[in-house]
Amino acid sequence: MEDPTTITSQYKAARLAGLLYLIAMATGLFAEFYIRFPSTLVVSGDVAKTASNIMANERLYRMGIANNIITFAIDVVLIWALYVLLRPINRNLALLAVFFRLVETTIACIAIINYYVAMEFVSDADHLKAFDSNQIQALSILHDTYALTFIVVAIFLGLGSTVFNYLLFKSRYIPKVLAAWGIFSSLLLLISQFAIVIFPKVEKTIIPACYAPIAIDEIALGFWLLFRGAALPKMES
């Protein structure tokens, strides 16, 4: 017999996780389709053009950084909620998923810090005076590595999401078809990112295909957990 307190905590965690999935997806779509951060501002290898773009759109740039910070702060709470929900199924696997997802979030936050530092240097004339032209050009590497960093971020997202979805599949808290889709989409993301590392030229071809399934999964899972909750023992007839 499950502890009623544990079940209550799981029930609340399921609803919270659903809400956070949808909020995180909203902030991600806001960044991609409105701010378009950083693709519209950063010109790979051209620090002068990048600096010009940032100075002309500094508010937009800062909104992009703030949006990313909010997104990954939400992710931390989401990871905690999923752990509370799935800990009774297999505590060790739930912890493994948490560690994978926290590595993802940590790397992403480091990337954001580097991006912020790069912005401060390339957009501030006084800062730039302290560097010669070669050093200034080297600063653009901080911008260029942002996208590369998020390949590693996506790998750890795929690892953590695969484990969490496996636990959801095993738990039967949600429909098995939804959990199975989550496992598939997470593994697809994981494999595709390794493919990009090994064969970088395929990136532009496979990026939409590898991110669309996991986006669909997280939206569907968010709505299910928020409005239907999890099929916990106390709700069974």
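Contact means heavy atoms within 4.5 Å. The model is predicted: local features need pLDDT of at least 70, side-chain atom pairs count only at pLDDT 80 or more, and totals for chains, interfaces and linings use all residues. Residues are numbered from 1 along each chain as its sequence is written, and side-chain values use heavy atoms, with hydrogens and water left out.

**Exercise 1.** Place A195 in the fold and list what A195 touches.

Solution. Step 1: A195 belongs to helix α7, residues 176-198 (helices are DSSP runs of H or I, at least four residues, numbered from the N terminus). Step 2: leaving out residues up to four places away in sequence, A195 is in contact with P200, V202 and I206. Step 3: I206 is 11 residues from A195 along the chain, and their C-alpha atoms are 9.2 Å apart. Step 4: the relative accessibility of A195 is 23%, so A195 counts as partly exposed (buried is under 20% relative accessible area, exposed over 50%, partly exposed in between; 1.4 Å probe, protein chains only).

**Exercise 2.** Classify the pair F72 and F150.

Solution. Step 1: rings of Phe, Tyr and Trp (its six-membered ring) pair if their centres lie within 6.5 Å; planes under 30 degrees apart are stacked, over 60 edge-to-face, the rest tilted. Step 2: the structure holds 4 aromatic pairs. Step 3: the ring centres of F72 and F150 are 6.1 Å apart with planes at 50°, so this pair is tilted.

Key. Helices (H or I, at least four residues) and strands (E, at least two) are DSSP runs, numbered from the N terminus.
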